[in-house]
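Please load the model in your viewer and keep a selection panel at hand.

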Amino acid sequence: MKPYVYVARKMPESIIQMLEEQCDVSMWEKEDEPVPREVLEKEIKKADGLFCTITEEIDQDLIDKAENLKIIATMAVGYNNINVQAAARREIMVANTPGILSDTTADLTFGLLMATARRIPEGVDSIRNGEWKTWAPFHLIGQDIHGATLGIIGMGRIGEALARRAKGFDMKVLYHNRNRKHETEINLGVRYAELEQLLAESDFVCLMTPYTQETFHLIGKEELKKMKNSAVFINTSRGGTVDEEALYEALKEKEIWAAGLDVFEDEPIGPDHRCYPCQTWWLFLTLGAPVKEQE
């Protein structure tokens, strides 16, 4: 008898065909809607393998319901949605996909940095909303990227890929990491800094750490106060690494200049989100000073 695998989101046919060569496969058929909890509870009870995404909360209660489960595979680098300790106690393997999207995420991060600095989303919206009436010398002038100082918090694969892109813009690169990476410093010409120094000296601060208990709200009120008033903050790690209330207040009080966010603590967000007083563009939000009070 073939092992039974449950796929918790609709996947391309090529992936399913590969699985079906070795396994019996069942799949949640909706691409844009997470599998309901009750369906997942029913399927995990009999599954030998679970293929999930970041939207499924694989907690201890769910793992305890599994009778045959041998592996949980997630289509993501991060796995904070999986109770790894509970899985380990049951000798269930947990697999992720490190390295697959390193360059892609670095592309997105630098694109987000550029769009926020040059206020591109606001320019798009000014045309869309019929607000562009005339040329003005300081209208949406933004900030220069070339020659600026970039601070990277979390120098893993993606952080290193971002540093390589920054070098093409003649940026000075500081980094902070759990462990100092001497070889990276030599190869990429980056400089290690303690977190407080990085925050104080960087024109752009990019947060790229994993989401763990140690990095929960790593950037909060005190860290934001240490940044320049002209600083641009970018988050492409996980929403929980940032205290969104503190970020909102920092933007409102002009303690920093702008923020570009690809992730939020609770997703998806809607137009009533507290950090949604300005313009949106594609996958992310930019909050350029001045930030309006929410009505």
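This is a predicted model: local features need pLDDT of at least 70, side-chain atom pairs count only at pLDDT 80 or more; totals for chains, interfaces and linings use all residues.

Residues are numbered from 1 along each chain as its sequence is written, and side-chain values use heavy atoms, with hydrogens and water left out.

Switch to a cartoon view, which shows 11 helices and 13 strands; these are DSSP runs numbered from the N terminus, helices being H or I of at least four residues and strands E of at least two. The C-alpha atoms fill a box of roughly 70 × 50 × 35 Å along the principal axes.

Next, select Leu150, Ile152, Met171 and Phe204, which touch the most other members of the largest nonpolar core, a set of 25 residues. Such a core comprises buried Ala, Val, Leu, Ile, Met, Phe, Trp, Tyr and Cys residues joined through side-chain atoms within 4.5 Å. Elements supplying at least two residues each include helix 5 (102–117), strand 6 (149–153) and helix 7 (157–167). Helix 5 gives the largest share, four residues.

Centre on Met171. Which residues does Met171 touch, not counting those up to four places away in sequence? They are Phe110, Ile145, Gly147, Ala148, Leu150, Ala166 and Phe204, a contact being heavy atoms within 4.5 Å. Apart from this core lies another, of 22 residues, among them Leu198, Met227, Ala246 and Ile256.

How values were computed:
Buried means under 20% relative accessible area, exposed over 50%, partly exposed in between (1.4 Å probe, protein chains only).
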